Amino acid sequence: MRSPDPFVPSLFRVDRVWRESADTVTLGLLPIQGEIPAFRSGQFFMLYAFGIGEIPVSVSGLWGQGPLLHTVRAVGPVSQALCRLRPGDTLGVRGPYGSPWPLPQAEGGDLLLIAGGLGLAPLRSALLPALAERERYGRIALLYGARSPADLLFGEERGDWSSRGDLQVEVTVDHASPAWRGSVGVVPARISHTRFAPERAHAFVCGPEVMMRYSAAALLGAGVPPARIFLSLERNMKCAFAVCGRCQFGPTFVCRDGPVFSYDRIARLLSIREL
Amino acid sequence: MGYHRTREDRPLPECHAPTAGEAIIDREGLQALLDALSARGFSVIGPRVREEAIVYAPLRNVSDLPEGWTDRQDGGHYRLERRGDRALFGYAVGPHSWKQFLFPPRQRIWRAERTEAGFDLLEEPPPSERWAFLGVRACELRALAIQDRVFLGGSLPDRSYAERRRELFVVALQCGEPSGTCFCVSMGAGPKASSGFDLALTEMIAPNSHRFLVEVGSRAGEEILAAIPHRPASEADRREAEAVLDSTASRMGRTLDTRGIRELLQDHPEHPRWEEVATRCLACANCTMVCPTCFCSTVEDHTALTGESAERTRLWDSCFTVDFSYLHGGSVRKEIRSRYRQWMTHKLSTWFDQFGSSGCVGCGRCITWCPVGIDITEEVRAIRSSLSEPTHA
Ligand SMILES: Cc1cc2nc3c(=O)[nH]c(=O)nc-3n(C[C@H](O)[C@H](O)[C@H](O)COP(=O)(O)OP(=O)(O)OC[C@H]3O[C@@H](n4cnc5c(N)ncnc54)[C@H](O)[C@@H]3O)c2cc1C
Ligand code: SF4
Ligand code: SF4
Ligand code: FES
């Protein structure tokens with residue numbers, strides 16, 4: 001049962017937990033009552049850990065395919081509490097909120113998914129439906145950068161993606177380990193190693209803000225029009241429905257107008273320091 | 001009883017809200033109004049003197065009002081002074097605004113209790129009070145309308161605000177005493193209240209008469225007026241009431257040129273004036289607390305010592321705090337320059353993009369209550385004039 005009060009979460013139970021890396025887990029959540037509300041790739045939910053707090057977390061899976069999936073990195077009190085949850089534990093969930101990745105709009109052309117660190121989680125929710133309807137897109141490429149090989153997420157599944165003939169996967173790390181045989185360096189640098197037709201391409205970018213700025217610049221340089229580049233922004237959020245004012249970014253509310261924005265809409269705002 | 005008429009002396013059309021049915025009441029009539037509101041279950045909130053300021057607090061009697069008081073206001077300055085007469089509303093707005101009742105500074109939003117299986121959520125009961133606000137000026141009515149759009153205009157209306165707002169009875173005041181920091185005329189927000197009230201009063205005081213012109217703005221207002229002693233307003237009464245507003249409009253303490261203001265601020269985020277104002281601003285957040293339209297909030301979580309229950313509290317917050325824009329690793333707006341810019345640009349510019357109007361009603365509170373007297377009208381003037389000056393080679 002959804003409360004008529006938008007601040008009140010619904011109760012969900014942890015169904016499964018997958019450990020992705022030393023500090024990151026994926027939670028599979030099922031509602032204690034009712035159904036999982038319909039959501040789209042790129043949207044987010046507010047997750048509440050008993051007595052600790054509530055934070056925005058993107059969906060990393062798809063609607064209608066099993067539990068609600070969220071991939072969380074433990075960085076502070078709330079995310080740590082969420083990462084400690086075990087199967088059977090209860091948490092509060094409200095949402096979905098925000099704008100989705102514009103997958104329908106990208107159909108018919110090439111699709112570039114550019115992820116930095118945890119940014120792979122929200123982009124997984126864009127990659128899966130694109131692969132499920134592979135024939136609707138031209139070339140698809142996943143460019144993914146992490147701090148070190150140990151931080152790479154979705155290990156097994158990434159193996160499957162890499163072995164597909166119809167998906168180009170480029171993985172790079174900032175700091176290699178002795179066993180690492182892949183590339184080292186920043187993600188935007190991989191754009192020039194990617195096969196795509198810029199005039200027909202869409203790019204979805206998610207990661208730290210600096211990484212997204214550099215990626216956008218590289219995409220523009222490669223000839224992708226600004227209106228076809230999409231970034232997913234993060235701002236402090238307390239309500240997620242445009243009443244607490246915390247997530248303002250110039251004239252926009254990131255919780256409502258974002259988190260996914262087309263680059264042409266926010267390029268000027270991104271250039272203003274401390275906006 | 002039951003006297004109503006429109007400006008054209010025709011009976012009120014049955015199907016819509018009445019437009020105007022003007023009447024005259026005296027001090028006893030005002031007391032009867034307070035009594036009639038109480039009798040209908042409203043808690044009346046109105047201006048009172050507390051700690052050397054005029055604040056909004058519960059009241060029952062006309063004698064609770066700040067009779068014979070006025071205020072002197074300027075940048076960073078507020079002082080109550082005696083008037084030479086027995087006016088009940090002879091001052092401008094103080095540090096309080098009505099938002100504290102509809103959007104409480106601190107409210108529990110829900111509780112959670114541990115159970116065998118995990119925890120349960122307990123929602124808050126709907127508010128028990130029904131408020132009647134007495135003495136709401138035009139600028140404040142505009143602020144109310146602005147907060148209505150913020151809290152109720154989106155796809156998910158704020159439930160707590162909606163519940164409090166729904167029951168509200170508004171007795172407006174046609175403003176007779178602007179302060180030194182008022183600029184509602186510039187913002188198109190006053191001094192005349194023309195809608196958004198149930199009843200509106202104009203205080204008219206002369207050496208041997210003290211009366212109020214009453215305008216009706218709703219069926220509920222009409223019903224209350226019918227229940228209190230009054231007489232029809234004459235043409236002379238109306239002219240006198242209009243003169244009160246004309247005089248107020250001509251005595252604004254400040255002005256703000258709003259031409260092209262949306263672009264003026266959004267197009268100049270790197271203007272040196274932001275740097276300059278940051279050297280004076282203490283980031284104390286006073287301006288946001290007193291502002292009747294500022295709506296930002298935060299949430300706090302508390303757990304009982306036993307760990308068996310927890311609660312979430314929503315509190316007023318301010319874009320002037322460092323924490324406001326905190327993201328893991330640091331805040332977005334570290335410098336005061338960025339925070340002042342956020343505040344003023346939001347009020348006067350990006351508010352148009354978000355809610356279709358200005359976020360400032362020209363009430364002057366932020367100027368009066370700024371400990372260092374920073375003046376929003378002056379800040380706009382400084383940016384505007386620097387841009388119109390010819391550049392030196
Ligand atoms: C739209 C959106 C989607 C997100 N998706 C994910 C995701 O899929 N997985 C994931 O692990 N993290 C995600 N985040 C980031 C996540 O919300 C923060 O890591 C989290 O808020 C940190 O809270 P904390 O209490 O653990 O840590 P602290 O760093 O102590 O944070 C204290 C408080 O600051 C605020 N805060 C801090 N960092 C952020 C941030 N980056 N974004 C928003 N608020 C912040 C929160 O209110 C938090 O409670 C997302 C953020 C946004 C805005
Ligand atoms: S910004 Fe200042 S003058 Fe404008 S409404 Fe707020 S407090 Fe009043
Ligand atoms: S402008 Fe004045 S009132 Fe507002 S935060 Fe700065 S010092 Fe405080
Ligand atoms: S999170 Fe509250 S306004 Fe966006």
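I take a polar contact to be a pair of N or O atoms within 3.5 Å; within protein, one must be able to donate a hydrogen and the other to accept it, and residues adjacent in sequence count only if both atoms are side-chain atoms. This is a predicted model, in which local features need pLDDT of at least 70 and side-chain atom pairs count only at pLDDT 80 or more, while totals for chains, interfaces and linings use all residues. Residues are numbered from 1 along each chain as its sequence is written, chains are lettered from A and ligands numbered from 1 in the order in which they are written, and side-chain values use heavy atoms, with hydrogens and water left out.

Ligand 1.
I found ligand 1 between chains A and B. I listed its shell (residues with a heavy atom within 4 Å) and got 23 residues, the closest being A:Pro56, A:Thr71, A:Ser79, A:Glu234 and B:His328.
I then looked up polar pairs. A polar backbone atom of A:Thr71 is 2.8 Å from a nitrogen atom of ligand 1. Oxygen atoms of the ligand lie 2.5 Å from a polar side-chain atom of A:Ser79 and 2.9 Å from a side-chain N or O atom of A:Lys238.
On its own, ligand 1 has 820 Å² of accessible area (Shrake-Rupley, 1.4 Å probe), and the protein covers 89% of this.
By element (DSSP runs, helices H or I of at least four residues, strands E of at least two, numbered from the N terminus), S4(A) gives the largest share of the shell, four residues.

Nonpolar cores.
I define a core as buried (under 20% relative accessible area, 1.4 Å probe, protein chains only) Ala, Val, Leu, Ile, Met, Phe, Trp, Tyr and Cys residues joined through side-chain atoms within 4.5 Å.
The largest core has 116 residues, and B:Trp343, B:Met344 and B:Leu348 touch the most other members. Helix H3 (residues 138–152) of chain B gives the most to this core, eight residues.
I looked up contacts (heavy atoms within 4.5 Å) of B:Met344 beyond four places in sequence; among them are B:Leu265, B:Trp274 and B:Ile376.
A second, separate core has 34 residues, including B:Leu37 and B:Leu59.

B:Asp64.
I placed B:Asp64 in the loop between strands S3 (53–58) and S4 (69–74) of chain B. Its side chain makes a polar contact with the side chain of B:Arg48 (3.4 Å). A polar side-chain atom of B:Asp64 also lies 2.9 Å from the backbone nitrogen of B:Arg60.

Notes:
Buried < 20%, exposed > 50% of the residue type's maximum accessible area, 1.4 Å probe, protein only.
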